[in-house]
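Good morning, colleagues. Please bring up the sequence and the structure, and I shall then take you through several places in the chain.

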Amino acid sequence: MQIRSRLYVFLLLVPVFFSCSAQKYIPFPYAFEKSIEADSAAVVTAHPLATRVGISILRRGGNAVDAAIAVHFALAVVYPQAGNIGGGGFLIYRDSAGRTAALDFREKAPAAATETMYQDSAGNVLPEKSRFGVFACGIPGSVDGMWEAHKKYGSLPWADLLAPAILLADKGYQITEKEAQQLSEEKVNFIRYTRMVPVFVKMHAWETGDWLIQKDLATTLRRIASRGRDGFYEGPTASLIEYEMKKQNGLITLEDLKNYNSVWRTPVEFDWRGLHIISMPPPSSGGILLQQMLGMLGDADLKGMGFHSPAAVHLMVEAERRAYADRAMHMGDADFWDVPLDTLVSPHYLARRMADFNPDQATASTNVEAGVIKTSEETTHYSIVDAHGNAVSVTTTLNDSYGSRVVVSGAGFLLNNEMDDFSAKPGAPNLYGAIGGKANAVAPRKRPLSSMTPTIVTRDGRLALVVGTPGGTTIPTSVYQVILNVFEFDLPLDSAVHSKRFHHQWLPDKIQVEEGVFPEAVTLKLEEIGHVVAPRDPIGRVEAILCEPNGKLRAVADTRGDDSAGGY
Ligand code: DON
């Protein structure tokens, strides 16, 4: 009752920062702030409305974790392709005193999951089954994750942090051109995989500026606001999920939901060339890959080689290739598989891995070509620094764009297709062309291996960079490249984020590049020494905050999407 009344008081206050009517949250078309300088605090997210929510919480005296929670729920409304309550993710935290934490709210396989559940009786992989529909869903972790983060670090009342999201769902918001296009493209899938036609489906194509109103989602969020974690994992929301599963032959049960737990883990932390890097341990491969790739650079003078020079790209790619080969073989949920963490990142091991590096010749990965890389970029990252210097870096996802495409009927939210991140069969590529084996095989209650790499960098004990991105398997290489761009190539943060990227993941054996990343002469040189250079769609959408030498914050939102930065 008390929480409820606080919620209503807050709803009355919401217009202070959202203006009086729902029509005027912020003027449409939105201004996408791609780069801002702030004196005290900054927020960068995939959507200007979510950024606005984060800033409003910070201005009210909320800390970075409060802002992260409010942003998370706001993204679940205004960025349905990846923002979520039906998915999961990872949070890296560093407080102003230098204490660090890593929260794993990754989805878990249902108790009834089996190693061969995505194979037919002859052992053939059935990719559709791990990508679409309820059979592809892991037990969602986001609400429990936000609840845990709030219990440990939150300072404002929980319900207050959900109030902006509830308002956005209830009153609606205007969609951008990109959202209109993506919603229209997914119409067939929404109809196919959802029992009741969801609000994401319109008779005609969506247009820029159309209003998206999500009443069922608002009701679900109200339950979470008033009952906390139990508003999702028990009671009506859990029953609606269970009903959806029963009706469509999914595996998640009430017991699975009730038992879901997010976990505080020890972050991956390491020193590299005067920096201290804090990132995500298993079940993400992100932190280990980052440490391996940076470590494999040895003492090479990248800046001396030149930004995007053939020599620098070749060395970076060869490190990527070797790290990703280790990912396929050795990495999985460390609660289920003995990931040889210490060995994988030991200087001796990394030096050995690079012993066959030839500066004049690409190393062949293997003759086996893995699957085609799908180009959807629908995970989302947000970076937040508050006025005290506490920093939060969160990457969260439904996996693919709009996840499994299943909207829980009556509850209004999308469920993930995170089960596709498991290795359906040793050597079979997933959505991102990543292959794996036993380490990442499906097992009851296990978490699928992730690439998400929310990261915080410090220098001389002071906060330096908060960074992360979506992009499936390209995530660790994007974070790696942005760190190198800033701290090795001395690029301003804008250029470090906006400049085009390249990616190698061992298999398929090619450098995937954003169109126009290199001058032709560089591409030719790379090809001459044996690399295959293959253009592809944009790589990642990085959200970064840099602490500048003048004490200000530079917040940069990627130009590849509707991302937007804010601060004060
Ligand atoms: O956890 C992972 O690595 C993937 N599920 C992330 C998916 C992703 O980044 C989608 N966007 N490209």
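Over residues 367-375, pLDDT stays under 50, and the model has 25 contacts beyond four places in sequence for this stretch. Residues 15-23 also stay under 50, with 15 such contacts. This is a predicted model, and where pLDDT is low, the predicted coordinates should not be read in detail. For the protein as a whole, the mean pLDDT is 94, and 93% of the residues reach 70 or more.

Among the buried residues are Gly286, Gly287, Gln291 and Gln292, together with Ile288, Leu289 and Met296. After the helix comes glycine 298, which has a positive phi, near 60°.

Gly286 also brings us to serine 450, as the two residues are in contact. Serine 450 is located in the loop that runs between β11 (391-397) and β12 (455-459). Its relative accessibility is 2%; the cut-off for buried is under 20%, so serine 450 counts as buried.

Let me now move to the aromatic residues. There are 14 aromatic pairs in the structure. In one of them, the ring centres of tyrosine 118 and phenylalanine 135 are 5.6 Å apart and the planes stand at 80°, so this pair is edge-to-face. These two residues are 17 residues apart and the pair links distant parts of the chain: tyrosine 118 belongs to the loop between β4 (100-105) and α4 (127-131), phenylalanine 135 to the loop between α4 and α5 (142-153). Both tyrosine 118 and phenylalanine 135 are buried.

A further pair is formed by phenylalanine 232 and tyrosine 233, with centres 4.8 Å apart and planes at 70°, so it too is edge-to-face. Phenylalanine 232 and tyrosine 233 are both buried. Through ring pairs, Phe232 and Tyr233 are linked with Tyr260 and Phe413 into a cluster.

Finally, which lysine lies over the face of phenylalanine 135? That residue is lysine 129, at 4.5 Å from the ring centre. Lysine 202 lies over the face of tryptophan 206, at 5.2 Å from the ring centre.

Thank you for your attention.

Key
Residues numbered from 1 in each chain as written. Predicted model: local features only at pLDDT ≥ 70, side-chain atom pairs only at ≥ 80, totals over all residues. Heavy atoms only, no water. Helix = DSSP H or I, 4+ residues; strand = E, 2+ residues; numbered from the N terminus. Buried < 20%, exposed > 50% of the residue type's maximum accessible area, 1.4 Å probe, protein only. Contact = heavy atoms within 4.5 Å. pLDDT = per-residue confidence, 0-100. Phe/Tyr/Trp six-rings, centres within 6.5 Å; stacked < 30°, edge-to-face > 60°. Lys NZ or Arg CZ within 6 Å of the ring centre and 35° of its normal.
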